[in-house]
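Hi everyone, thanks for making time. I'd like to walk you through one model today, so please have a look at the sequence and the structure first.

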Amino acid sequence: MLKTCNMSRALAKCFRSPSVLLVTSIILLSFTIHWILIKQPLRCSHFQIKYAKPLATLVDNEEKVTEIFNAITRTVPSVYFTNISTTTSAKNSRGIILDLKKQYCVGDSLTVQVTMFDYVGKRKTYGGDFLRARIFSPKVEAGASGRIDDLNNGLYNVHFALFWEGNVKISILLMHPSEGVAALWRARNSGYKNIIFYGQYEYRSKKVQSECGFELDSDEAKCEYGAKEDKDFFYCIKPDNVSCESLISVTSKERSHTYLNTLEKTLFLRSNIGVEIPQTTESVDVMSCNRNSEVKPKCSTGMFQPFPSGYFLNNVWYPVFCNLSTYDPQSHISNCLSGKKIYIMGDSTLLQWTHYIASIMNSLKFFDLHASGSFNTLLLLDTDKNVYIHWKKHGHPLLIAYAFTVKDYSTVNQEIDRLEGGPQTVFVFSLGHHFRPFPITLFINRLLNTRKAIERLFLRSPDTKVIIRTENTREQSVAMDRFSDFYGYIQYQLTKDIFQGLNVGIIDAWDMSIASGAFELHPSASTVKNQINMFLKYIC
Ligand SMILES: *[C@@H]1O[C@H](CO)[C@@H](O)[C@H](O)[C@H]1NC(C)=O
Ligand SMILES: *[C@@H]1O[C@H](CO)[C@@H](O)[C@H](O)[C@H]1NC(C)=O
Ligand SMILES: *[C@@H]1O[C@H](CO)[C@@H](O)[C@H](O)[C@H]1NC(C)=O
């Protein structure tokens with residue numbers, strides 16, 4: 001994939017050069033994980049390096065989970081504060097454009113340096129703040145993410161690539177101060193108390209409810225659900241005289257409880273989240289300058305994706321590493337999906353996909369599976385064209401207040417292991433939002449199990465297409481100690497890193513949500529359309 005790397009260099013630069021390694025902190029996170037997984041320093045030419053040892057040969061994930069957890073923890077600031085006035089203040093901080101030019105051309109890069117100050121105007125001397133950066137031009141419905149380098153001394157360099165012409169505005173938001181990031185990381189990994197699950201058992205016309213979870217603080221007998229080899233269990237307290245197989249459905253809700261202390265909580269008042277950092281220059285003018293754009297290869301699975309991986313222009317997503325721009329893939333959807341078996345596993349964001357696909361291909365019909373409860377498995381069929389599309393929940397944890405059946409429950413890795421696979425088989429999955437309120441080790445373990453299952457799948461059926469939709473950013477009004485985008489960001493990085501080197505297609509919903517300036521769990525129809533475009537390009 002050296003080629004892709006060189007090709008995207010002009011616009012996006014080779015973002016993962018060793019020199020960056022020395023100065024990055026947020027990006028360091030992804031490096032560190034790479035380092036651990038592949039035990040090789042990353043250079044531009046090493047993007048597609050194969051794992052020295054396939055993870056499939058790992059019998060037990062435990063050590064690797066700890067290793068990855070520790071690597072992330074080292075990149076999260078460990079700072080304490082006793083007074084909110086010593087935490088980072090967005091309003092007191094400043095951004096300036098480095099080497100400001102009179103004129104910019106499409107293809108140029110631009111770096112904004114941000115200097116952080118606290119509430120009493122003292123310069124911050126350490127990094128770890130969680131930022132979100134974007135350039136955009138509302139008139140042409142254009143936007144792209146910025147790549148953030150934490151210099152670990154209170155300075156940040158935010159790198160943008162100028163992809164389109166016109167007046168381009170710059171926005172850099174302080175999502176959480178480093179003190180908040182430290183508090184969130186500690187809170188997240190303190191335990192499983194944020195969410196309470198209830199299981200409904202039905203037995204000899206008797207209905208019983210009992211508490212469930214990943215960790216139960218009780219000496220009572222428990223039912224254990226999950227596969228031993230995955231070390232991925234869900235438990236319920238066993239109701240008396242009721243068999244464990246009688247568990248029908250589960251509900252969940254937030255517990256009135258927090259792992260944050262009173263002082264920390266003040267950092268997460270809505271007014272302190274996503275605050276714009278003032279800048280000396282708020283926009284620049286970009287000319288086309290008639291530079292020749294480089295020819296890009298057709299989008300296909302297995303390509304390395306830089307960050308940013310693309311940009312919106314007129315609400316159309318243009319990946320920087322491949323050519324998606326030639327035709328509207330959705331006009332060919334019938335041909336593309338003809339004869340295909342598509343398994344979609346995830347949360348409501350992939351449910352959105354399923355409904356979107358049904359809305360643009362009228363010959364697909366929902367088949368009623370006669371299921372009860374909420375969030376049921378969906379089946380879409382076109383019997384003429386032999387199209388089979390199956391959507392299913394990704395397994396625990398699911399944060400759903402309405403009873404959802406667990407009778408057909410499985411994890412993504414279990415489902416992949418059940419696939420025969422083949423050139424007509426497509427497996428799409430997404431893991432993310434529902435994992436945010438739980439210790440990250442649960443998520444790491446699930447991803448490692450999933451990677452191993454994909455390795456096994458590709459050994460027996462290398463033609464099967466596997467597509468991963470990353471999670472995206474969400475609302476700023478949610479309880480940050482459970483659902484912060486900081487948690488999502490770590491999961492997003494892990495997802496990209498753990499599946500690195502496999503012949504899978506990544507749909508970078510995170511990048512798209514930042515580029516489009518979205519703050520919503522469920523992306524707009526226009527963003528979903530762009531995700532589906534990319535999906536169709538990957539599988540056809
Ligand atoms: C916090 O710091 C500010 C500014 O230094 C000071 O005015 C305030 O009294 C301090 N608050 C507490 C609770 O110590
Ligand atoms: C369970 O069954 C035993 C034996 O049949 C009985 O003594 C006990 O009362 C039952 N417990 C409940 C909660 O129904
Ligand atoms: C994309 O592909 C089309 C047709 O194959 C070609 O005309 C166009 O120049 C390509 N664009 C880029 C940026 O490579």
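Let me start with a definition: a residue is buried if 20 or more other C-beta atoms lie within 10 Å of its own, exposed if 12 or fewer, and partly exposed in between, with C-beta atoms placed from the backbone. Do keep in mind that this is a predicted model, where local features need pLDDT of at least 70 and side-chain atom pairs count only at pLDDT 80 or more, while totals for chains, interfaces and linings use all residues. As for naming, residues are numbered from 1 along each chain as its sequence is written, and chains are lettered from A and ligands numbered from 1 in the order in which they are written.

Now, F375. Its phi is near 55 degrees, which is positive although the residue is not a glycine. F375 has 18 C-beta neighbours inside 10 Å, so it counts as partly exposed. You'll find F375 in the loop between β19 (365-367) and β20 (378-382). Helices here are DSSP runs of H or I with at least four residues, strands are runs of E with at least two, and both are numbered from the N terminus.

D99 also has a positive phi without being glycine, near 50 degrees. The loop between β1 (88-97) and β2 (104-105) holds D99. Is D99 buried or exposed? D99 is exposed, as 6 other C-beta atoms lie within 10 Å.

On to the cis peptides. One joins F307 and P308, with omega about 0 degrees, and P308 sits in the loop between β15 (283-287) and β16 (310-313). Another runs from H396 to P397, with omega near 0 degrees; P397 belongs to the loop between β21 (387-393) and β22 (404-405).

Let's zoom out. The chain has 14 helices and 25 strands, and 45% of its 540 residues count as buried. Two residues are in contact if their C-beta atoms, placed from the backbone, lie within 7 Å. Among contacts in the chain between residues at least 6 apart in sequence, 77% join residues at least 24 apart.

Which residues of α5 are buried? They are S178, E179, G180, V181, A182, A183, L184, W185, A187 and R188. That is 10 of the 11 residues of α5 (residues 178-188), so this helix is largely enclosed by the rest of the structure.

Next, a helix pair. α4 (residues 62-75) and α10 (residues 440-460) pack at about 125 degrees with their axes 10 Å apart; axes are lines fitted to C-alpha atoms, for helices over the stretch in contact, and angles run from 0 to 180 degrees between N-to-C directions. The two helices, α4 and α10, are therefore oblique to each other, since angles under 35 degrees count as roughly parallel, over 145 as roughly antiparallel, 65 to 115 as roughly perpendicular and the rest as oblique. On the α4 side the contact is made by K64, V65, I68, F69 and I72, and on the α10 side by I440, T441, I444, N445 and L448.

Finally, the core. A nonpolar core is a set of buried Ala, Val, Leu, Ile, Met, Phe, Trp, Tyr and Cys residues joined through C-beta atoms within 7 Å. The largest one has 103 residues, and L131, V158, I172, I344, I444 and I467 touch the most other members. Its largest share, eight residues, comes from α10. Apart from this core lies another, of 11 residues, including Y201, L247, V250 and V406.
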